[in-house]
Every structure is written in structure tokens, then in C-alpha cells.
Amino acid sequence: MFTPAITATGVYVPPHTITNDELVVAFNAYADRVNAENAEAIAAGTLEAIPHSSSEFILKASGIESRYVMDKEGVLDPARMYPRLRQRSDDEPGIMAEMGVAACKTALEKAGRSGEEIDLVICAASNMERAYPAIAVEIQKLIGAKGFAFDMNVACSSATFGIQAAADMIRAGSVRRALVVNPEITSGHLEWRDRDCHFIFGDVATATLIERREDAAHGFEIRSIRCATEFSNNIRNNNGFLRRNRPDGMADRRDMQFMQEGRKVFKEVLPMVSAHILHHLSDEQIAAGALKRLWLHQANKTMNDFIGRKVLGRDPEGNEQPNILQEFANTSSAGSIIAFDRFSDDLAPGDLGLICSFGAGYSVGSVIVERF
């Protein structure tokens, strides 16, 4: 049995930024156009007018101030309201693979490794660009990795579930080094025309390099991982390959994009995640106070603050529970890895921390790490 360790992470940041103010201008223009087209129905009371959004509303509801996207023009076009991404030929790298490779190269460079030294690539994300061939196999080829690769999807928990799969294989000796890649084009599944959620998501890609501790001079030993799922309809996306086969399948339907019952999610997910982390720590005989840092899923500031207080038994201090969503918004599976990438270098050998992601499923994954 070998001990797995996280030895480097990489983050690819898309080229375009959308601020709350820019987003609000586009959304309100869309709302005004739709309301004007339906003025008679709205006046008759058979249709509700779309209310305006505001930067103040977005910041209060989420803590988000901006987001990165792969395409800005399409999202901010009131007549379109979704990304405009170029159709690529089958001979070109897919956009998810391209993003993932950029993150992988950063992680490999940090660790002084080459793609040829990688035995396993897992592409873990909330959506895949295509069903097959696997995005992970394409990334494997593009970085020159050996061994094997596969895709997996556990929505916002994909990163931690991917880390568990890779760590278990390293622990068992079936692979020596692995990359868990999280290319998230969440702008593609967000309904930008829905005031309640049009501000939530952003695009990004992250990569986590995991290898045997004995092969690394420094990094974070993976002490323990725990994952859990519990079925819920409160976060859902009904798009899929059977869509065209069903009555009205190709119509512009709201349920074919990201949907959530926000209040129910808050009420049910927060206790689930807090209890999951506390039970994980208890089973490993680690006091919550021993944690130097919590790198949580970056969905909502209020949610993270609640979990931080529940786990630590007090308000987190300084960077104990860092947030990056004010800059990146919710990037699904990648959020906790961005937080880890940006707020881990200052930890000293022996310091403990916990990476946690949670979301649709419901799903939750926690990874206890120790700096060495």
C-alpha cells in the first residue's frame, strides 16, 4: 500500500470577465424586450412581467462580483443570452480538452513533471462536451500521458470524487501518478434569462496532480477521503442524449438547463455537509480546531460561512475558510480546487486542511490533507 499525495494544482482562467454591472445591463434589456412583447398579457394579468435584476441583489444573494467566461458577447446579447462557441472539427482539440490541458500543464510545471510520467487522467466535471470518445482520453493524448483515462460526473462534487478514485488507485499500486482535471464551461448550462440564477456560474478549468508521497519532496499527504450521495431533485438538468426522442424534446424548455430549488437546497444541503465533515473528522480522530484551513465548494458565500461556523464552532478567522467566488462565481467542481490552489502555499509542514465539494445529487466529498 502506498500513500497518495497532492503535489501540485493548476488553474486555467478564461479570457473574458463579466462584472455584475455588465450582466445586469444585458438581463434588464432582455427583460424589457420580453415585457414589451407581452404587454397585453401582462396588463391582463395572465402573464407576470420579468422583474429587473441589480448588482446589489446579486451581491447580497451570493457574494459574487464577477465571473470568467469562454465567450462574453453571446452571454451579453439580450437577443441571445448564452455563449457563442465556435463549432470545431473532429480533428481539432475540443474546448474542454483545451482548457483542461492548460490547467494540466500548469500543475505539471509546478511539480517538475512531464505528461509522460502520468499513468491516469480523470476528467471530472458537471457536464461533458460529448459522450465519447472520453474527454479524459483526449487530454491524455494531448499531454502525452501513458496508462488510461476516463470521464466521470458527480456534478459539483466531481473534483473530490475524482481525487478519491485516483488516490485509491495510487494507494493500491495500480497507478503511480494521476491528474484529476475539472474543465467547467458552466456558462453553457446556465439559464442566463432567469433572474433567480442568471449570475451564479462562471467558467474555469483546474487540474490536481496526485502521486505517491515517496516520489515527492513536498506537497499535501492525503490522510483520508470520504464521499456520500443522497438523491434529490432540487438541483437538476434534464438535458441528455434521449432528448430528441421524446415528445417536444427539442423545444426551448427551462428544465433543459440548470435548475434548483434554492431554499430547499440551503435547508437540506448545509446540515448534510456540516455533519459529513464533522463525522469524517471524528472518525479520523481529528479535532476541528486542528484544521488550519477549509477549502470549500464555492457556490455561495452564505453557505460557506454557515459551514465554516458549524465545523469550527466559531466564525472563521482570516483565511481559515477562504472564498474565491467573488471573482470566479460558482465554477461547479473546480471551486474548491481554485481555493486550494490560491490559499495553500502558506501552510507549514504538519498543518492540516480539508477540501470539500458538494452539490447536485445531493453529493458531498471531503479530503483531509496534511502538508509535508
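Student: Where is Ala 329 in this model?
Tutor: Ala 329 sits in the loop between helix H9 (325-328) and helix H10 (335-342). Keep in mind that this is a predicted model.

Student: Is Ala 329 buried or exposed?
Tutor: Ala 329 has a relative accessibility of 0%, so it counts as buried.

Student: What about phi of Ala 329?
Tutor: Phi there is near 65°, which is a positive value in a residue other than glycine.

Student: Which phi does Met 81 have?
Tutor: Met 81 is not a glycine either, and its phi is positive, at about 65°. Met 81 belongs to the loop between strand S3 (66-69) and H4.

Student: And is Met 81 buried or exposed?
Tutor: Buried: the relative accessible area of Met 81 is 4%, and the cut-off for buried is under 20%.

Student: Switching to peptide bonds. What is the bond from Tyr 132 to Pro 133 like, cis or trans?
Tutor: The bond from Tyr 132 to Pro 133 is cis, and omega is near -5°. Pro 133 lies in the loop between strand S4 (120-124) and H5.

Student: And the one from Gly 361 to Tyr 362, cis or trans?
Tutor: That peptide bond is cis, with omega near -10°. Tyr 362 is in the loop between S12 and S13.

Student: Now the inside. How many residues does the largest nonpolar core have?
Tutor: The largest nonpolar core has 47 residues, and Ile 277 and Leu 281 have the most contacts inside it. Elements giving two or more residues to this core are helix H1 (20-37), helix H7 (262-283), strand S11 (291-296), helix H8 (301-312), strand S12 (352-359) and strand S13 (363-371).

Student: Which of those gives the most to this core?
Tutor: H7 does, with seven residues.

Student: What is Ile 277 in contact with?
Tutor: Setting aside neighbours within four places in sequence, Ile 277 is in contact with Leu 296, Ile 307, Val 311, Leu 354 and Cys 356.

Student: Which residues are in the other core, the one of 36 residues?
Tutor: Among them are Ile 6, Met 152, Ala 166 and Val 367.

Student: Which residues of H7 and H8 meet?
Tutor: On the H7 side they are Val 265, Phe 266, Val 269, Leu 270, Val 273, Ser 274, Ile 277, Leu 278 and Leu 281. On the H8 side they are Thr 302, Met 303, Phe 306, Ile 307, Lys 310 and Val 311. By class, the contact holds twelve nonpolar, two polar and one charged residues.

Student: What about H4 and H5, at what angle do they pack?
Tutor: Helix H4 (residues 95-111) and helix H5 (residues 135-143) pack at about 50°, and their axes are 9 Å apart. That angle makes H4 oblique to H5. The crossing of H4 and H5 is right-handed.

Student: Which residues make the contact there?
Tutor: H4 brings Met 96, Ala 97, Gly 100, Val 101 and Cys 104, while H5 brings Ile 135, Glu 138, Ile 139, Leu 142 and Ile 143. They divide into eight nonpolar, one polar and one charged.

Student: How far is Lys 141 from Lys 267?
Tutor: Their C-alpha atoms are separated by 43 Å, and the two residues are 126 residues apart along the chain.

Student: One more pair. How do the axes of H1 and H3 cross?
Tutor: The axes of H1 and helix H3 (residues 55-62) come within 9 Å and cross at roughly 120°. H1 is therefore oblique to H3, and their crossing is right-handed.

Student: Which residues make that contact?
Tutor: Asn 20, Asp 21 and Val 24 of H1 meet Ser 55, Ile 58 and Leu 59 of H3. By class, that contact has three nonpolar, two polar and one charged residues.

Methods: Residues numbered from 1 in each chain as written. Predicted model: local features only at pLDDT ≥ 70, side-chain atom pairs only at ≥ 80, totals over all residues. Heavy atoms only, no water. Core = buried A, V, L, I, M, F, W, Y, C linked by side-chain atoms within 4.5 Å. Buried < 20%, exposed > 50% of the residue type's maximum accessible area, 1.4 Å probe, protein only. Helix = DSSP H or I, 4+ residues; strand = E, 2+ residues; numbered from the N terminus. Contact = heavy atoms within 4.5 Å. Nonpolar A, V, L, I, M, F, W, Y, C, P; charged D, E, K, R; others polar. Axes fitted to C-alpha atoms, helices over the stretch in contact; angles between N-to-C directions. Parallel < 35°, antiparallel > 145°, perpendicular 65-115°, else oblique. Left-handed = near helix turned anticlockwise from the far one by under 90°.
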